[in-house]
Each structure stands twice: as structure tokens, then as C-alpha cells.
Amino acid sequence: MQISQSEGAPTGPAKAGHDVRSVHADRPGALRVGDLVRVRRHRWRVADVRAYSHCQLVTLSGAGAFNSGVQRRVLAPFDLIEPLNRPSVLRFVQPRRWRRACRALVAQHTPPGALRSPLWARIDLLPHQLEPAMALVRGLGSRVLLADDVGLGKTIQAGLAVAELRARGAVEKVLILTPAGLRDQWASELAGRFDLDATIVDSRAVRNRVATLPVGVNPWSTAPIAIASIDYVKRPEILRAVLACGWDAVVIDEAHGVAGDSERHAAAAGLAGRAAYVLLLTATPHSGDRCQFESLSDIGSHGDRLLVFRRTRQAMHLGAGRKVHQLHVRPSAAEVRMHALLAAFTRAVRRERGDKSREVWLALSVLHKRALSSAHSLEQSVARRLSALGSTPDGQLHQLALPLGDMDGETDRADAPPQWAAAIALGDASRERELLGGLAAAARAAAAHETKVSALVRILNRAGEPAVVFTEYRDTLAHLEEALARPVAMLHGGLTREERTAALDAFTSGRRTVLLATDAAGEGLNLHQSCRTVINLELPWNPMRLEQRIGRVDRIGQRRTVHAFHLIARQTGEMRILDRLRARIRRAQAEAGSPDPLGDVEQAVARLVIDNVETETAGSDERADSREEMPIDAGPPVVGLERQAAAETVRLAAARTMAADRDADAGAMVDTDGPWVAIAHNRSTRANVGSRLVLLLRAVLHDACGRISESTVVAIAVSLKRLPLRRRDRSWIADVMRSAGPGVATLADTASETWREEALRLNRAFAATRLERERAIAAVIAGDPPYALQPGLFDRRADNARLAALALRSEAEKEAAERIDAVERTTAISAQPPKLMLVLVP
């Protein structure tokens, strides 16, 4: 805003203090972000200040010749920090330097409710990705569900929210829970895009930290941003240590995996319930089961609002387009015989077990899935069952082995060959051996020359470019690796972190042009930079899994048309699966805001495949329809900040063009170096300025730690009656400022009043939301039921456990009270009178 003021205009006192008293008024030596200081004989600029009970953690950025680009952290008052701010005197600078400072000041202007972290983040500015962070800083809530379509950048949105909250001093300790295969990807994204240093915590990292830390120090407390596998954290002996840390924010990726009643859910709910901010990320939040969706929505809830963001690719108009190709593969005679013998075994099981058992249908569906995946995988399952029938007198099933080798939750057995279910064991073992013996022989003959594998080879040869091949089972992957007779990279749930990283690197670097992957290992992959072709060896029976597969390459940043190939076996139930999946996906997309209303449709698809009919029973149709009419809108309302986010995108884009790297410190320098004065030498500039003195003032809001919460720039033009002969003479500028100073202060204060009131309102809302959440957490901790004790007869282990639990509870209550006190102290906002920063002399 620009306001003109003549030299002889009436003057009046400037408003001082506004409606919030400065928290620094009684502490003149308090540090502020941007201050120039001397620490340990070197000059530094204060980059951040974090207040604790008895000290301050001060982050310093080098400002001298020997420490430029260096960052250090010191503790005040234990380290002597000497302010070096110079007195506010006019300083003439070159016009080029003045313009750089002007660009930096304008770039740092933050309207109320705007964001600061995207200014320097290495991300494309997309409005929908700004909305979650904007909702948090505006105090709309503290729990967020990011339910966007696959490939719309949920990881970036979560990282942006974390970066913004850390920039505002609202969070310090962040816990990110992901599937094991996504930990490195998260660490890379946070470091590469937001300069956030995250630590991957697993059993090895914990052992290393315990070996170097003093006795009794929780290793989890030493990682400001920790990334861990949910399957590692859910272990009881691990969860106790993680819960003992006071996490400010908890991020749960692929959050649909923690819905329902499970150990994962219990761990996620316990951790999120004690965090000030909770972010849930999933492209498929609604599985069709209302109870599971409610359990997901309630994670971390204390009766507060859940902010839901659900955007579709169609609504965002993103992506280069997609073409889907169906290749109907005619099965060989051996494959037709295999499917016929499988149908005969299915009829025998149904005659004996009936059609009403869910366990029977589930077990039979697994066999048919295996047959459609590959004849080799079906032959493996049948061979293991025949081996069990031959080694035990009545075909009893063996005890499952315990997964003792996977201590970090790195592996996933979802794609492992399934065990033979007791629900489909026939009472007559000899009859079962006869049926399965013929089926095994037919599957073995079909596996020798599988028509789908031949079709896959033809597609890969004709495409001549990298491709991802998806299937459901890892033994099918091994079969494909052998059949393709070419170097391939493989991803499945049985790989370790190092093996998975090596496989991905081999594919993305171009050393391997084919990536064979299962659904269990392909979740969350970003392959759009190196690939655009996805081939489905068999159709998944859940429609959203099909979208997840294609979404690995159809993502933001994909510049080429994506091609998806579906290999469909003729004369089998797979012919009808695609039409059913397509109809269900169309119906799902028609449901406003419903990402996945279909849920567990695999039993219905199993009937479609096994019974060889086009429709389900009436009862099944009613159940399916009830699932399909269950939109996500039945739960928490979807948040929309489209208009505000679009305006913020335009502002940030303009700010980025002005705030080049070389200008990053210009605003801070002029803040501590006194007002900078430049003379308008350029003819066009002089024509625009005329006979006016242009003043740029900066109005800021500070939090209790001296961090700038909001800032704006006010431009004022002072009309001059005459110009001096020597324009570099400071005295005449000082005379003008003394004469017009009170009026300038009044005008600047009036010009920034609307901005200040709105900024204070939003900052109060932000602080109130955080305080309400912290008090709710403290109330839950205080209301936990007492520890139940069953005394032992001969030892005191139970009593010792009770005392330890009570001590942990007491510590948690104390920590909750300290957090409330810290939030109350550090979220107090003070408004400072506008400060003169730049002067332009005509």
C-alpha cells in the first residue's frame, strides 16, 4: 500500500503497543531472529530461537569471513551471546544493493495465514498441495487426513506441513510411521525438498545409539525427526520407548493399513493420541467398512475436528494422460485342462463344505487367484499340499513358523505363497490326493509354456522401453525372472532395506529395463521419472489395487502418456473381472469425495470367477450396493481452501522471482544495519518518483522467542517542496524525517492496521487450537485407569512393573503440564511499530 504525505501535513502520535504488549519490552537484551551477535569471537546472525524451561537453544548462521555458510547451535545463557546491532543511522548504499534489499523485504511479506516454508522449498507450487499447511497455520484443526488420489503428492503436502510448523516453532520432534519400504524415500524427500534432516530408526540404529548414550537416555529422544516402520514400532518392547517421547507431530503414511482392530492400529492410536499434530496419509481411506473408516478417522482424536482433504486427478487436471490396453490371451490346451481340474476340485469342496462358509470361499478364491497369476504358482501350492498329505497320516496342517528373523518389520508376507487352508481339506484324504495329483500334473504341464508369459515377452520387445510388471505373488516373480531370460530387477515383500534400494537403483538408473514387482512391495513407489508403462500379469480383484499399480508411474511430473496393459486370459473368470472392476471404479468416481467405497469385494469377485456367472446373488448385490453408497462425506467434512490456496500460489511465485539465493540475507542485513538509502539515478525511476522521498517500513509480529510470525511492508511517499543541492547529505534527510516523522508513523500504523488485526486473529486461533489439543492430551493422561496389579506369591516382579508404570505416568503428566506451559509462553504474539528499512531519494 502506498500513501502520500506532504512535508507540512498535520502530525499526530503513532499508535504504540497496539492491543498486545511486546514481550521484549521488559527484556531489552532478548534475542530476535535476524540479530547480529558475537559468539566465541566470531560474528553470527541469529537464525532461530527455541525456548525451554531454563535455557534457550539458539541457531546461528555465520556472518563473518571465516564462518560464512556455517551453522551452529548454542545454549543461552551457558554460552555468552553479545549483541552487535548497530544504532539506527542512515546508510547510503548503491542502487543495485538497495534493490536487492527491497526484493528481499517484499518477498518476506507474509499476509495473514500465509506460508513461509514454500518460498525456499524445492517443490513446484501447486495450490492443492498448500491447503493442508494453510489449514493448520490458520488454526482450523490439528488432525489432518490427506486422502488425495494416487500420485497427487501427499508426501510433499505432509513434508510442507511439517516444515511450516517447524519454521513457526510449533513442532520440534516429529515421528513418521511408514511401511518399511518407504522409509528411505521419506528421508530423501524431506532432505531434498525441505532441508529437513530425518533419521531412519530401526533395531540397528537403536543399538548404535544405546551404545553411545549415557545409561537411561531414551535413544528415540535423540532424533528430532524419526522415520520408522509401523511394524517395528508396534512391537510392545519398542512401543514403550517410543511412547515415552513427547512427539509434537505424528505422520502416518499409508494410513489405511492401521485402520481396524489390530496391533498396528493400537500403536498408531497410542502415539497419535499424545501428539499435538496428526497427519494421516492414504489414497484409499474408505474400504467400504464404515467401522474401519471410523477407526481411521478416530486415530489421535480427543473430540477435535478431523480436517479431510480429498482431491481427484480429474478435478486437478494433472497428468499427461493415460491409455489402457486390454490384451486377451488365448490359453493353451494344458492351461484349459488346469482350470477345468481346478473347477472340479472346487465343486468337490463345495459339495462337502457347503456355500455359506466365508472361510471356504476365501480359501477357494486364493487357489483361483494363484491359477490366474501363473500355472507355476498354482503348481507350487498344490505340490505343498500333496507333500503334507503324504507326510502326515490325515493331512493335518503344520504349525506356522514364527517370523523371528524380521526384527525391524522390514519384510511383508502379503505376497508370500499362502498356506493351504484347513477349510478346503476334504474328509477323504485319498480322494483329495487323487484330485490334487491330477491338478498338479496339469499345472506343471501348463507352466512349461504359459501363454501370458509369451504375451508379456512380446509387449516388452515391442515397447522397447522400461516397464513395470505387477503380479500378486513372489513365486510368480521368480518364475517370470527365469522365463523372461533377460536381466530384471525384482521387488517383493521378502527383501531387506538394502536389497530393495539396490533393486530400485538398478531400475531407475537404467541398468535394468524391467522391474518385476508385487503389490506388497510396490506401495508408495515413485517411478514416473524413469518409466511410463505398467503391465498387469493378472487383474487384482480389488479395483483400488489396480489404480495403485498404475499410480506408480501416473503421477505429478509424468510428462509422457502412460500406458497400462492388462493381460486377460480368455475362457476363464478373468474375462468378467475387468468389466466388473471398471463398473465399480466408475461408480466409485461418481461418489463425491469417495476414494474407495468398494471395500472387501474379493468374496463377491470370487463368486463371479468360480461360479462363472455375470451377476451376484441378490443378497450380495444388496451388500455391494450398500457399500457403494457409503461416501466419505458420511464422515468428517472435506476441507476446501481452493480460493485462498490459489492466491497464495500466485504470491509465492512472485516472491520466488524476487528472492533469489543471493538476496536471502539482504533483508536481515538492512534490519540490523540501519535504514539503507539510495539515490534514484535511473531516468525512469526518477520520473516515477518525482520530487518525493520514498520510505519503505516493515511491520512485524514476533512470538515470545523473537521469531517473526508475520510481516508486511508499507510504502509511503513524502512530497518535498525542494530538493537539496547535495542529495547525499544525511542532514537534510534527517530534517525531513524529523518534520514528517510523526505523520509517517501514523500513516504507516494506519496502513498496517487491517493486516495487523487479521494476523493477530489468525495467530490467536492457531495458538488456541494448539492449547486446546494439549489440554485434552493432559486430561486423557490424567484420566488413564490405574495400573491393575496381580501380586506374585514368591517375587515382586508384578509390583515392580506397577511402580515403573506409575513412574512413567507421573512423568507423562509432568511433561504434558510443561508442554502446556511452554505453549502458553511461546505462542504469545507481540506487534511492533513499523520500522523504517529503506529510503529512496529522488
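**Strands, helices and one arginine**

Reader: Which residue does phenylalanine 470 stand opposite in S19?

Author: Phenylalanine 470 stands opposite asparagine 536 in S19. Strands here are DSSP runs of E with at least two residues, helices are runs of H or I with at least four, and both are numbered from the N terminus. This is a predicted model, where local features need pLDDT of at least 70 and side-chain atom pairs count only at pLDDT 80 or more, while totals for chains, interfaces and linings use all residues. Residues are numbered from 1 along each chain as its sequence is written, and side-chain values use heavy atoms, leaving out hydrogens and water.

Reader: OK. How many bridges join S16 to S19?

Author: Three bridges join strand S16 (residues 467-471) to S19, and the two run parallel. Two strands count as paired if DSSP finds at least two bridges between them.

Reader: And how many join S19 to S20?

Author: Four bridges, again parallel, join S19 to strand S20 (residues 562-569). In S20, phenylalanine 565 is the bridge partner of isoleucine 535.

Reader: Which S19 residues are buried on each side?

Author: On one side of strand S19 (residues 533-536) Thr533 and Ile535 are buried, and on the other Val534 and Asn536 are, which leaves both faces covered. Buried means under 20% relative accessible area, exposed means over 50% and partly exposed is in between, with a 1.4 Å probe and protein chains only.

Reader: Which strand does S9 pair with over five bridges?

Author: That is strand S11 (residues 225-229), in the parallel sense. Leucine 175 has alanine 226 as its bridge partner in S11, and isoleucine 176 stands opposite isoleucine 227. S9 also pairs with strand S12 (residues 249-252), parallel over four bridges; there valine 174 stands opposite alanine 249.

Reader: What is the strand order in the open sheet of seven?

Author: The order is S10-S11-S9-S12-S13-S8-S14, with parallel pairing. Strand S10 (199-200) and strand S14 (306-309) are the edge strands, each pairing on one side only.

Reader: Helices now. How far does H23 reach from its first C-alpha to its last?

Author: Helix H23 (residues 642-658) has 17 residues and reaches 25 Å, close to the expected 24 Å. The expected span is 1.5 Å times one less than the number of residues.

Reader: Which residues of H23 are buried?

Author: Ala645, Glu648, Thr649, Arg651, Leu652 and Ala655. Their cover includes helix H1 (95-107) and helix H2 (127-137).

Reader: Is arginine 773 buried or exposed?

Author: Arginine 773 is buried, with a relative accessible area of 3%. It is placed in helix H27 (residues 753-782).

Reader: What does arginine 773 touch?

Author: Leaving out residues up to four places away in sequence, arginine 773 touches residues including Ser142, Arg143, His302 and Asp304. A contact means heavy atoms within 4.5 Å.

Reader: What about arginine 370, where does that lie?

Author: Arginine 370 lies over the face of tyrosine 473, at 4.6 Å from the ring centre. A charge sits over a ring if NZ of Lys or CZ of Arg is within 6 Å of the ring centre and within 35 degrees of the ring normal.

Reader: What pLDDT does the protein average?

Author: The average is 80, and 82% of the residues score at least 70. pLDDT is the predictor's confidence in each residue, from 0 to 100. Residues 591-601 have pLDDT below 50, and beyond near neighbours in sequence this stretch has 48 contacts in the model. Residues 613-634 are also below 50, with 44 contacts counted beyond near neighbours.

Reader: Last one. How many helices and strands does the protein have?

Author: The protein has 28 helices and 25 strands. Of its 842 residues, 52% count as buried. Among contacts between residues at least 6 apart in sequence, 80% join residues at least 24 apart.
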